[in-house]
Amino acid sequence: MDILINPNCSSDDDANKNANLGLLLPQDLMFHIFTFVPLNSLLNSIRYVCKSWAAIIATSRFVQACQRNDMRSKPGLYVENRKSRSRSYFSEFKDNANGKFERIDLGTPKKMGHLIGTCHGILLLLNAAKQVFVVNPILKCWLKIPRFPISRSDLVFPCQCTITCVPRTAKFKLFHGVVLEVSGGSWYVFYVLRIGIDSSWKEIARKEAILVLHRLYFSSRPLYNGGNDLYWITNKEVIVMDVDKEIIVREYPLSHIIMHPSDLFFMMYSSVPFEMFLHMGDRLSRIVTINLHRTYQIYILDFDSGKWSLYQEMGPFDYMIACDHNLNPRSVSFRLWINDQIIFQVGLRKNQTGSMSSHKSIHFGYNVKTKQLTKIEDIEVCQLLHS
C-alpha cells in the first residue's frame, strides 16, 4: 500500500483533503504503518499532514512501539554544535566497513544547555545555571529535573550523572555519584531519581573510597550498556550497579598499567585522561595512552574472571592518508565503540589546517578489524559528539 503525501499544499481545500486521508484508515493500522516509516520522514513531513497523524506520532505508545521494532535503537552519534544548538543532529550508523553515517536533523531545545547524556533517544541536558532537563526531541517535550543532591553548586559534576531505562518497566531513571567526606572518611555516594515518580533525589548506596596518589575521583563518565548494568569507573575499580534493583551487584579491580616515567609525567598534566572506558558490545574496554596522543593499548574486561587482557595496540595513526593533513593532536578523546569502529575526536593545535583555531577538532573512525582510519565527513570540524 502506498500513501501519497503532497508537500506543496497551498490552500485550505488541499489541506482538508490531506486531513481526510488520515481518516480513511483505522488509527491502529496507521499506527502500525508509521512504525516502518523512516524517522526523517516522520519528523519532517508525515506529522505535518494532518492533526490525527501528528497525534499518533506524538504518543509515548508510538515511541515504545518503534523501540520494540528495533527501528529507533540503531547505533549512532548525537552531534552537537555548541555554538549553534539548532544545528545538532543524529547520525545513524549505516556502513560498518567504511564508517558511513546518515544524518537525521533533530535539534536541541534552546536555553536548556548542552548534552551530557543520552538513552534510547532521550537527551539529558545541563545549562550554565546548573539546571538539568530531560528532553524527548521527537515528541518535542521536556521535564526539568530537581536540583542535584549536593547544595553547593560547585559540587555539581555533570560527568557523574547519567540517564538509564529499566528493561523490565521501560521507565527512565537518572543516577548520580559523588565523593563525600562522611564521619572522617571518604565515600562514593550514589543517588537515583525516578523520572515521573520522584520529586527529589534518593540515596541508594555508598561505598568507602580509597585514595590513589592522594586523589579521589571518578575517572570516567558512568557507562550504561542499555540493559540492566550501569558501570561506575573510579580510580581503583569498576563498580557495577543494577539499574532496576538500584544496588551494587559486582566490583572489578583496575589492573595496574606500566608506563615509562616520562610518559606518566606528561599524562598527569594532560587535559585528557590517559585512559578512557567504552562499551565493546556486551564487554567493557579500557583504552590506555602509552605515549602522548600517539600509541594506545586496548584492554578488555572478562566479566567471569574479573581480569583485563590486552586486545590490541593501535596507533600511531596516519592522519595524512585519512584527511590529507599531517596532524599533531592537542588532544585525543575516544567517544564510542560501534560494532568494529572506535569513534574518536582529535583536538587541533592552532594553525594546523589553514585558519583553524586551537578550539576546533576532527572526528575519525578506527576499524579494529581492518585497522583502517577514516575521517567522518558528516561531522563538521567545530562540533562535538555524544553516543
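Is Cys-119 buried or exposed? Cys-119 is buried, at a relative accessible area of 4%; buried here means under 20%, exposed over 50%, and partly exposed in between, with a 1.4 Å probe and protein chains only.

Before going on, the ground rules. This is a predicted model, where local features need pLDDT of at least 70, side-chain atom pairs count only at pLDDT 80 or more, and totals for chains, interfaces and linings use all residues. Residues are numbered from 1 along each chain as its sequence is written, and side-chain values use heavy atoms, with hydrogens and water left out.

Back to the cysteines. A disulfide is a covalent bond between the sulfur atoms of two cysteines. Taking a disulfide as a pair of cysteine sulfur atoms within 2.5 Å, the count is zero. Cys-119 is in no disulfide, and its nearest cysteine sulfur, that of Cys-165, sits 5.3 Å away. Cys-161 is also buried, with a relative accessible area of 3%.

Next, Gly-121. This residue is in the loop between strand E4 (114-119) and strand E5 (122-126); strands are DSSP runs of E, at least two residues, numbered from the N terminus. Gly-121 is partly exposed, at 46% relative accessibility. Leaving out residues up to four places away in sequence, Gly-121 touches Val-135 and Pro-137, where contact means heavy atoms within 4.5 Å. Its C-alpha atom is 7.1 Å from that of Asn-136, 15 residues apart along the chain.

Last, Asn-235. Its loop runs between strand E13 (229-233) and strand E14 (237-242). Asn-235 is buried, with a relative accessible area of 10%.

Methods:
Helix = DSSP H or I, 4+ residues; strand = E, 2+ residues; numbered from the N terminus.
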